[in-house]
Amino acid sequence: MAASVWRRVQAAAGRQLRLPRPHSRSAGGSVGAAPVADGSEEPDIPNKATAKTFSALQAERHEQAERTILISCPPNVTEKKFYNYLASYGPINKYFFYETFGIYALVEFSGKESIEAVQRASTIPGLQHECAVPFKSRFFNLRNNHLGSQAAIHPSVLRLKQSVISLNELLQNISGAASIDEQLYMVLEEMQLTEENTRLRFLVCSLIKEIAAAYFPECSIRPFGSTVNNFGKMGCDLDMFLDLDGISGRNKTKPGGAFSVEYQTKRVASERVATQSILSVIGECIDQFAPGCTGMQKILNARCPLVRFSHQPSGFQCDLTANNRIAMRSTELLYIYSTLDPRVRALVFGIRCWARVQGITSSVPGAWITNFSLTMMVLFLLQRRNPPIIPTLDQLKAQAEKDVHIIESHDCTFASDYKMKSSQNTETLEDLLQEFFEFYGSFAFNKMSINIRKGKEQNKPEPSPLHIQNPFEQALNVSKNVNQTQLDRFVRAARESAWILQQEGLKHPKANPWGFSALLLPNSQTSMGKSKKRRRQPASERIKNLLDSLKANKQSTDNLSRPNGHQKSIPIVR
């Protein structure tokens, strides 16, 4: 059964949208595609996402987004009339509806000329007591000119889910799994970014580019981080990078001859000053002109200057940076690791889910361990298995040949098209989960550092409680924010979880909870006030409850197995 779940996970991770005819509806929501010329539905296209390089996949997504529009729909919109109206502007490849602060539709046309036709037919809204800023983008408002006649007859369209799954729902879903491996693959399937959500993220980047292109026509806005590294979960922020390196004429060798021509430009003290100035101006334009963008914050004095805002139509919290090329290489590195073995993503998602429930990570900035640090710890573990499941960064670098990347004096070289033979390691996810908790429950954090470039621990160069070397900026500690209290919380939870997984009675579906579900019970320490001291106990309240559950399950089994219904009394030791 676990194999069938993994096939579903593969389909969900990189599926091509299989879209019904415009008048049909799918179980998960309303999704449509234009019929092909012979009247039949377009055939399924085999998923090749895992075979593509990171850059090729991003280029395909960007081109797809350039042919896409976003539409705010009236509440009584009907799918068939919606499709027929928009199809009058040109062939539609795909579309779907979703809901955030209203009902929205994402529509991908076959060509950009269809979008131009929509723009020519669109008008600037006339307002009685306000003035509309006449900025034209690919975000439209669909007005129903026959509101009264349709509202009473037609129901609203079905909308695709864009929200984060609740813990209770997740526990209910994985309780019916047949193994811990299957539970972890189901966690991956439930929490990962959907195809539709990914399309929406690239569209938002494309819409923001329309603002930046007013000043830098050849620029691009590229997503990085969780959105594209294959480790993003539903609800994660949208990190964007304003890329100016593609502007023609930069770093160009001057031709020979008596004269040469160059652009007259402004001069500033440093690249950082230029970045701050550019982000400030573009952030102001987004705030003033971009429809749906609210809550603009300019955080220009941070180590990496950025502007932060909310894109309400998509529900995304957005961070826009510039000249953040090392972050782009880190994103590509994680993407490569995610494609080398299916266990990588499943284990990372499982550990992140566990850490959030146990209060080890948080959505609020602070001294907590971050998801990026947890991902580094998982990768480090997988590098150290015998035989290894994934290569070290130095091994990836050795395969790069001429593909050398030096960014701001930092060596960011690795093989972008790395092809690794299937690992000879046959450990199950259950084995790896157990090993993660045992390994880090006894790791010498007080003196050793984690280094995925070498794949081995090294002496800490600084006294930080947790030291994880940045894979590219090697002098930096990606977990420098973590204090001793939070590290102790992680170690304590890891040891307790290792103990739980060792209990035979919790490894089988007959127990309740069982397997990975037993690790998702919130630890009592997470709900205690900061001022209260945690009493020293031989085990946490969570483990005591699980012990009671084990004994209750055993008593129930013994009662059922005894003849004539005689019951055996089992004392519960406290």
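1. Aromatic pairs. The count of aromatic pairs in this predicted model comes to 23. Tyr98 and Tyr104 are one of the stacked examples: their ring centres lie 5.7 Å apart and their planes meet at 20 degrees. Both residues, Tyr98 and Tyr104, are buried. Tyr440 and Phe445 are also stacked, because their planes are at 20 degrees, with the ring centres 6.2 Å apart. Tyr440 is buried at 0% relative accessibility, and Phe445 is buried at 5%.

2. An aromatic cluster. Where do Tyr440 and Phe445 sit in the network of ring pairs? They belong to a cluster that ring pairs build from Trp354, Phe380, Phe436, Phe437, Phe439, Tyr440, Phe443, Phe445 and Phe490. I would display these residues together when you look at the next point.

3. The largest nonpolar core. This core holds 90 residues, and the members that touch the most others are Trp354, Leu433, Phe437, Tyr440, Phe445 and Phe490. Helix H11, residues 342-357, is the top contributor, giving 10 residues. As general background, nonpolar side chains in soluble globular proteins tend to be buried together.

4. Cys318 is buried, with 0% relative accessibility. Cys73 is buried as well, with a relative accessible area of 8%.

5. Charges over rings. Two arginines deserve a look here. Arg201 lies over the face of Phe316, 4.4 Å from the ring centre. Arg329 places its charged end over the ring of Phe414, at 3.9 Å from the centre.

6. Backbone geometry. Most residues other than glycine have a negative phi, and most peptide bonds are trans, so the following spots are worth a check. The peptide bond between Asn386 and Pro387 is cis, with omega at about 0 degrees. Pro387 belongs to the loop that runs between helix H12 (371-384) and helix H13 (393-398). Glu401 has a positive phi, near 55 degrees, and lies in the loop between H13 and strand E11 (406-407). Glu408 has a positive phi too, near 50 degrees, and its place is the loop between E11 and strand E12 (410-411). Are these two glutamates buried or exposed? Glu401 is exposed, with a relative accessible area of 73%, whereas Glu408 is partly exposed, at 46%.

7. A buried glutamate. Glu195 lies in helix H8, residues 195-212. Glu195 counts as buried because its relative accessibility is 6%, under the 20% cut-off. What does its side chain contact? There is a polar contact of 3.0 Å between the side chains of Glu195 and Arg199.

8. Asn477 and its surroundings. Asn477 is found in the loop between strand E14 (458-459) and helix H15 (484-502), and at 9% relative accessibility Asn477 is buried. A polar atom of the Asn477 side chain lies 2.9 Å from the backbone nitrogen of Ile468. The Asn477 side chain also makes a polar contact with the side chain of Ser479, again at 2.9 Å. Beyond residues up to four places away in sequence, Asn477 touches Glu462, Ser464, Leu466, His467 and Ile468.

9. The chain overall. The secondary structure comes to 16 helices and 14 strands. The chain has 574 residues, of which 48% count as buried. Taking contacts between residues at least 6 apart in sequence, 68% join residues at least 24 apart.

Methods: Residues are numbered from 1 along each chain as its sequence is written. This is a predicted model: local features need pLDDT of at least 70, side-chain atom pairs count only at pLDDT 80 or more; totals for chains, interfaces and linings use all residues. Side-chain values use heavy atoms; hydrogens and water are left out. Buried means under 20% relative accessible area, exposed over 50%, partly exposed in between (1.4 Å probe, protein chains only). Rings of Phe, Tyr and Trp (its six-membered ring) pair if their centres lie within 6.5 Å; planes under 30 degrees apart count as stacked, over 60 as edge-to-face and the rest as tilted. A charge sits over a ring if NZ of Lys or CZ of Arg is within 6 Å of the ring centre and within 35 degrees of the ring normal. Helices (H or I, at least four residues) and strands (E, at least two) are DSSP runs, numbered from the N terminus. A nonpolar core is a set of buried Ala, Val, Leu, Ile, Met, Phe, Trp, Tyr and Cys residues joined through side-chain atoms within 4.5 Å. A polar contact is a pair of N or O atoms within 3.5 Å; within protein, one must be able to donate a hydrogen and the other to accept it, and residues adjacent in sequence count only if both atoms are side-chain atoms. Contact means heavy atoms within 4.5 Å.
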